[in-house]
Structure formats: structure tokens, C-alpha cells
Amino acid sequence: MNQRPSIISALCLSLAAMPVLAQSSGGKKHGATAEQPTQQDDQGRITGWALCEADPLAALILPRTNAPADGPTEYLADSAMSSAEEARLEGNVQVHRGDTQLEAPLLTLDRQANVAHAPDGLRAGTPSLAVTAKRGAYAVDEHVGDFSDAQYYVPQRNAQGEAAHIVDRRDQQTTELEQVTYSTCARGKEFWRVRASEMNLDHAAGRGEAWHAKVDFGGVPVLYLPYLSFPINNERQSGFLAPSLGFDTTSGLDLAVPYYWNIAPNQDATFTPRIIAQRGLLVGSEYRFLNPSNSGEIGFEYLPNDREAERERSFLNLNARGQWGILSSSLKYEWVSDSDYFRDLGNGLNVEDTAYLERRLDTYIANPYGNLLLRFRGYQTLDGEDFTRTKQYSQLPQLVFWNNWGNVNELNYELRAEAVRFTHPTFVEGTRFDLEPAVSLPLSWSYAFLTPRVALRQTNWQLDYPGATPTGYRDSPNRTAPVISVDSGLIFERDVSFGGQGYVQTLEPRLYYLRVPYRKQSDIPIFDTTLYTENFNWLFYENRFAGADRLGDANQLTTAISTRVLSAEDGRERMRVSIGQINYFSDPRVTLGADSTVDGNRSDFVAEATMTLDRHWYARASTLWDPDSQSAKRYAADLRYRGDSGQILNLSYRYSDDPTQKTIQDTDLEQIDLSSAWPLNASWKLFGRYSYSLLYDNPTDVFAGVEYGDCCWAVRLLARQYRNYPTDVESKNAMFLELELKGLSSIGASADKFLSKSILDYSRQ
């Protein structure tokens with residue numbers, strides 16, 4: 001900065017105590033907020049959404065430093081005069097103190113009252129606020145700035161406005177404004193703005209309040225609020241969050257108005273009264289805590305009288321986690337009053353599965369000597385469409401130990417042990433002990449690998465039948481069997497060229513031999529065991545059953561081959577094609593029911609293919625092919641597009657024929673699914689989904705929506721037609737409308753969560 005006349009240096013002694021327009025930022029908090037853009041540039045301005053054109057006052061915002069607010073003050077001016085009563089600075093006056101800067105053509109200081117005046121206007125800036133005013137004054141001792149006919153700019157929200165009067169109280173970290181406007185749109189181009197008679201900005205709390213507020217759209221007042229609370233930074237504070245508004249043909253109008261309570265830096269709660277027109281008032285709450293060693297959430301919903309269902313309804317959800325050195329623990333508990341709760345009232349608290357609600361307490365110890373898991377797990381079974389869903393067994397408790405000691409004299413040692421007690425209200429109960437030690441010799445070279453492995457599977461049961469033990473069954477069955485496998489493969493490579501680009505193509509044949517002798521198991525109950533889904537990895541499993549109640553007999557050889565195409569430039573995989581089949585030297589006999597010989601000397605063909613067509617297109621396909629019937633039992637195909645400007649297109653086809661669950665057309669699944677989110681330009685975006693069941697010849701989920709937005713506001717409209725089950729004769733209709741005032745709040749139903757679940761890879765950004 002240029003040096004000014006030496007008289008200014010003399011004034012520094014008499015004016016050194018003069019602080020000018022010091023704004024403070026609030027302390028950091030934790031919790032939830034209605035809107036939380038977290039990206040900021042080096043000047044603290046929000047970059048989480050597309051900003052409008054730079055505000056003229058943005059140049060006054062100073063970078064954040066560690067300079068003390070009460071440090072020495074520097075004054076620069078073209079000329080200066082000083083007396084016992086008054087000091088006068090004229091011409092390009094600049095005042096610097098800490099992170100504060102003031103500019104004025106004229107500045108006078110009343111030496112008796114210690115008040116500085118800028119009668120001809122001023123410009124002031126800090127890291128959190130910029131102001132221009134036609135007149136201004138600053139009470140030095142009280143640290144209070146007073147500005148008239150002012151314009152202001154708040155970088156943390158990219159917000160700007162005008163005020164007839166601004167009083168900035170540095171010590172209290174508050175700014176009071178009268179006859180004020182507020183908007184995040186470009187100055188002079190405000191599509192929306194708030195006009196209020198009074199407004200208070202609490203910088204410590206990060207909250208703004210307005211009284212007698214009017215919301216204008218396009219210059220037309222559309223909403224009057226006697227009181228309005230809104231965030232002025234991206235910290236979390238107590239207050240009402242954006243209401244959600246929806247409609248469907250079953251429940252009617254659905255309005256929820258959540259209130260957020262920031263209890264402490266590590267605790268918060270949200271209370272959500274929800275008015276459902278056809279049903280009544282539902283009250284929801286969620287409490288969250290976060291400590292150095294533990295965290296958790298508790299959610300609860302209660303509808304005292306559902307007028308449509310004519311009953312009381314409620315839901316409870318509890319999740320907690322803890323970590324103490326090598327010991328960690330987690331708790332999950334879910335309960336609902338009835339099986340139709342989620343179909344009627346929605347999954348408001350994020351339950352992952354609405355067929356079986358899980359209750360689970362896990363305690364886990366990890367150390368170099370092994371891993372130990374103690375689990376207590378049960379379920380609440382919710383009836384499906386046919387009301388015949390089987391109740392699950394509870395595990396009270398389950399104790400599991402496992403470890404892998406690798407590279408001991410080139411050998412790899414493994415041990416897995418389990419003890420679990422199964423309980424059920426009507427079926428046979430029992431305790432199961434399962435032990436499996438194993439040793440393997442993994443050998444690998446650049447061109448091949450070979451891994452022989454030997455394991456011994458020992459399993460015992462202690463059963464408690466509800467009545468007399470059935471004829472032919474044992475109270476204490478046991479099973480011992482060796483499991484021998486040899487996994488081997490070769491890797492061939494060659495250089496190829498496509499379209500002038502260099503690639504490396506591999507050819508990777510693989511042989512996997514598995515030998516497990518037959519053991520009679522048909523008198524052993526099924527506690528937690530199912531068949532694995534047949535995919536390419538399934539070809540190399542040591543047991544075709546998931547769970548210890550069945551050990552599949554095997555004398556088989558898997559023959560598989562894969563080829564990959566890798567970019568010679570960066571090594572990225574561009575294509576992979578794999579196909580394989582199991583050849584049986586003896587017919588498998590063990591099933592989930594009674595033992596029976598499965599005719600056939602080979603399995604179905606399993607094939608998978610993935611391809612990166614270019615940097616935008618990706619394709620994947622898989623099939624399970626029956627060579628005897630020359631038909632596919634299962635087929636899936638996916639085509640995905642990802643554009644540089646956020647364009648998303650997903651197209652998929654699913655077909656599955658399950659011979660154990662015959663339905664019409666001998667098919668349990670056949671559907672197509674098309675979803676997309678497509679920005680047309682910087683303002684317009686279309687999104688939608690079309691999911692159609694070819695099996696039941698009806699659409700299961702169809703919606704379409706449009707979004708318009710610019711740098712300071714957006715509106716989203718979505719219409720949906722759906723069925724809870726593909727077999728439903730009548731479909732349901734719903735509509736969502738959301739208006740977002742960026743930097744202030746949103747009004748209506750938030751569509752983000754719904755779109756993220758319905759459109760793969762969707763995000764608002």
C-alpha cells in the first residue's frame with residue numbers, strides 16, 4: 001500500500017484504540033439442518049450450489065486471518081487534521097484493524113464521545129460481512145457500528161440486501177436491521193426476496209430472525225409471515241426445518257413440519273408432527289448422539305387413531321454403535337405395530353427391510369490372535385401380500401471365532417468355530433456347534449496360480465422338538481466330513497489394437513476341483529440355511545448352501561475361462577467376459593429337504609460380461625443357461641450412460657425362472673426398468689422412471705418430473721403412479737411439489753431421497 005503524509009503516523013497514537021466494524025463468526029455446532037451447503041471458497045462463500053453473478057460488494061470481503069480484533073489500527077488518508085476535540089481524515093481514507101477494513105472519502109472522530117462519523121458514505125468489509133452506506137458512525141468504546149441507507153452482503157450464504165438502518169454490535173456478535181430485504185439472487189435481479197420490518201442476525205448462533213416478513217416472487221408478494229427464522233451460515237441450530245408436502249390417492253394430503261433441537265454439540269433431536277388427511281395426526285421424533293467412543297439414533301412414530309385403518313399405529317427404530325480399543329459393539333432394534341404400516345404410512349425412518357424387522361446386538365473383538373463375535377439376533381416378521389411369510393429363527397446367542405494365519409512356512413492356516421442357539425415359537429429349537437480348521441498352500445506366479453486346500457467340517461446339534469422326536473429323527477445329530485479343493489489357473493496376455501488404440505488382452509482358463517463326501521442330513525432341521533444364488537463366483541464355492549445346516553456333497557470339477565481387455569495406457573479394464581460350468585463326477589444328493597439324487601452330469605452354464613464402451617457408456621449382462629432345455633433360467637442386462645453434464649440413463653431387463661416357486665408362465669420375475677435424470681441446460685432438468693412387469697402385464701412404478709432452477713431458487717414437480725405389489729389390480733397415484741429458495745429454505749416434499757433410491761447414481765449436484 002502506498003505511504004501517506006507523516007501526520008497520519010502521529011494520529012495512530014491517539015486513535016490506536018479505535019476498532020472499526022468487527023464482525024464475529026459463531027462457534028461450531030453439530031446436528032441436523034434443513035439445508036447444509038458445506039463447500040466454501042477461500043473467502044468463506046458457499047460453493048455447494050451454483051452461485052449467481054458476483055455481488056458488487058464481494059470485493060470488500062477479506063480473507064480470514066489470525067489477526068486479533070483488538071490489535072493496532074492503521075489509518076491512511078490523503079490529508080488529516082487533529083485537535084483535542086476532533087480528528088479529521090479526508091481523501092481515500094482507509095482504516096485497517098485485524099480482519100476489518102473501512103473506506104470513506106471523509107472520516108471525523110469526536111474525541112470526547114470517542115465516536116467516528118462518515119457523513120459522506122463508507123464501505124466496510126470483514127470475512128463475514130460487507131456494507132456500503134450513505135452515512136455511518138462507529139462508537140469506539142461500545143464497539144457498535146451504525147449505518148443508514150445501507151446495502152449489505154453475507155458471503156457464507158451468498159446473500160445480499162438493503163436496509164434503512166443497520167446496527168452492528170461487535171461484542172454481542174449481532175447485527176440488527178430495519179426495513180430490510182434479503183435474497184440470494186443477484187442484486188437487482190431478485191426473483192425472490194424477503195422484505196421485513198426488522199431482522200436480527202446472530203453470528204454466534206448462525207441464525208437469522210425476521211419479523212413481519214413478506215416473501216416476494218417476481219416482485220409480487222405471495223406470503224406473509226409474522227415471524228421467520230433461517231440459517232445465515234452452514235452450522236446447525238435449533239429451529240423449524242422446511243415442511244414436506246405430498247399427496248396420494250390412499251392417504252390424501254400429507255403435511256409434515258419438523259422442528260430441530262440442537263441440544264448440545266454432540267446431541268440433537270427432531271420432532272415431526274405429520275398431518276395425514278385421511279388418517280389423522282402422526283407424531284414422529286428422532287434423537288441422535290455422537291461421542292468419541294459411541295454414537296446412535298432413536299426414532300419413534302405414533303399415530304393414536306388411524307381413521308382409515310381404524311387402529312392405533314406406531315413404529316420404533318434404535319441404532320447404536322460403540323468402539324473401545326479392540327472391543328466394538330452395535331445395537332439394532334426395530335418394531336412396528338402392524339404389517340401394513342410401511343405400505344400405508346411410508347418408510348419415514350429408513351428401515352432397510354420391510355419384510356423382517358431385525359433386532360440385533362453384536363459385540364466384536366479383533367486382535368492378532370483371532371476375531372470373536374457374540375451376537376443376539378431376532379426378527380419381527382411382517383406378513384406380505386399373501387399373509388403366509390414364514391417366521392425366522394432367533395439366534396440367542398451366536399458365538400463365532402475365526403482367524404487366518406497366513407504365510408507360516410508358506411502354508412496358510414484357517415480356523416472358524418461357531419456355537420449358536422436357535423429359538424422359534426412353534427418349530428423345533430436347538431443348539432448348533434460348527435468347527436472348521438483348514439490348511440492351504442497358495443502358490444502364484446506371473447503366469448499361473450495353484451492353491452490346494454484341505455478342511456475338516458465338524459458339526460453337532462442338540463435339538464428340542466416341541467413334542468416327541470419324530471420317527472427317524474435324532475435329538476443329537478452330528479456330521480463330520482473332509483472338504484478338499486484345488487484351485488488353479490493360467491494367465492495369457494497379448495497386445496491388440498482397436499481403432500488405433502493399444503490394449504492388452506488376457507485369456508485366463510481356470511480349473512477348480514472340489515471333493516466332499518456324502519453325509520446323510522435329511523433329519524437335520526433348517527435353521528438359517530439357504531441355497532446360494534448361482535452366479536460366476538458360485539462356481540468356486542466350497543458349499544452350495546449358505547449356512548451350516550447343510551454341507552453339499554461334491555465330486556466335481558469347475559471349468560471356466562475369462563478374457564479381459566485392458567488399456568495399454570492406464571491399465572484400466574475395458575471389457576471382461578467369463579463363462580463356466582460345473583461337471584459332476586457323481587450326482588449331488590444333499591438338498592434343503594429330503595436327500596435325493598439330482599440327475600445330470602453338469603450344471604447350468606454361468607456367463608457374465610461387462611464392457612466400458614467409452615467414458616460415457618457401460619454395459620453388463622449375465623445369464624444362467626440350461627444346456628439340456630437350451631433356454632435361460634435367468635438373464636439380466638444393464639446399459640448405463642453417464643454424461644459430462646450430469647446426464648444419467650439406466651436401462652435394465654431382468655428375467656428369472658425359479659423351479660421351486662412356480663407362478664404363472666413358470667416365471668417368478670420378468671421386468672424392464674428405464675430411469676433417467678437429464679439436464680437440458682443450466683436451468684432445466686427432467687427425470688423419470690418406467691418399471692414394467694412383463695409377468696403381470698402392468699407397470700409397477702412410473703413417475704416423471706421436471707425441475708427448473710437458477711443460482712438462487714429451484715422448483716421440482718413430480719407425479720407418480722405405483723403398485724405396492726405387481727399383482728395389485730389398482731395402482732396408486734401421488735404427487736410431489738418442492739420449492740427451494742437457495743440459502744433460505746425449501747417448501748414442499750423433498751424429492752432427493754426418493755430420486756436417489758429410484759435412479760441409480762442420481763444426485764442433485
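## Close-up views of a predicted model

In β23, Ile365 is the bridge partner of Leu327. That pair comes from a predicted model, and the legends below walk through it one close-up at a time.

**View 1. Strand β23 and its two neighbours.** Start with strand β22 (residues 327–336) and strand β23 (residues 356–367), which run antiparallel and are joined by 7 bridges. On to the next pairing: β23 also runs antiparallel to strand β24 (residues 370–381), this time with 12 bridges. To get your bearings here, look for Leu357, which stands opposite Gln380 in β24. How many residues lie between β23 and β24 in their hairpin? There are 2 residues between them.

**View 2. The disulfide of Cys185 and Cys712.** Searching the whole structure turns up 1 disulfide, and here it is: Cys185 joined to Cys712, with an S to S distance of 1.9 Å. The link is right-handed, with 75° about the S-S bond. It ties together distant parts of the chain, as Cys185 and Cys712 are 527 residues apart. Cys185 sits in the loop between β10 (174–182) and β11 (192–202), while Cys712 is in the loop between β43 (698–709) and β44 (713–722). Are these cysteines buried or exposed? Both Cys185 and Cys712 are buried. As a reminder, a disulfide is a covalent bond between two cysteines, made through their sulfur atoms.

**View 3. Tyr341 and Phe342, an edge-to-face pair.** The model has 28 aromatic pairs by the ring-pair rule, and this view picks out one of them. Ring centres of Tyr341 and Phe342 are 5.6 Å apart and the planes meet at 80°, which is over the 60 degrees cut-off, so the pair counts as edge-to-face. Tyr341 is buried, and Phe342 is buried too.

**View 4. Tyr635 and Tyr653, a tilted pair.** Here the ring centres of Tyr635 and Tyr653 lie 6.1 Å apart with the planes at 50°, so this pair is called tilted. Tyr635 belongs to strand β39 (residues 631–642) and Tyr653 to strand β40 (residues 648–656), so the pair links distant parts of the chain, 18 residues apart. Tyr635 is partly exposed, with a relative accessible area of 33%. Tyr653 is partly exposed as well, with a relative accessible area of 24%.

**View 5. A cluster of rings.** Which residues do ring pairs link into a cluster? The members are Phe191, Phe217, Trp684, Tyr708 and Trp713.

**View 6. Arginines over tyrosine rings.** At one, Arg589 lies over the face of Tyr518, 3.8 Å from the ring centre. At the other, the charged end of Arg720 sits over the ring of Tyr722, at 4.1 Å from its centre.

**View 7. Asp434 and its surroundings.** Find Asp434 in strand β27 (residues 429–440). Its relative accessible area is 4%, and the cut-off is under 20%, so Asp434 counts as buried. What does the side chain of Asp434 make a polar contact with? The partner is the side chain of Arg457, at 3.0 Å. Leaving aside residues up to four places away in sequence, Asp434 touches Arg416, Ala417, Glu418, Arg457, Gln458, Thr459 and Ala548.

Notes. Residues numbered from 1 in each chain as written. Predicted model: local features only at pLDDT ≥ 70, side-chain atom pairs only at ≥ 80, totals over all residues. Heavy atoms only, no water. Phe/Tyr/Trp six-rings, centres within 6.5 Å; stacked < 30°, edge-to-face > 60°. Buried < 20%, exposed > 50% of the residue type's maximum accessible area, 1.4 Å probe, protein only. Helix = DSSP H or I, 4+ residues; strand = E, 2+ residues; numbered from the N terminus. Lys NZ or Arg CZ within 6 Å of the ring centre and 35° of its normal. Polar contact = N/O pair within 3.5 Å; in protein donor to acceptor, adjacent residues only side chain to side chain. Contact = heavy atoms within 4.5 Å. Pairing = 2+ DSSP bridges. Disulfide = S-S within 2.5 Å.
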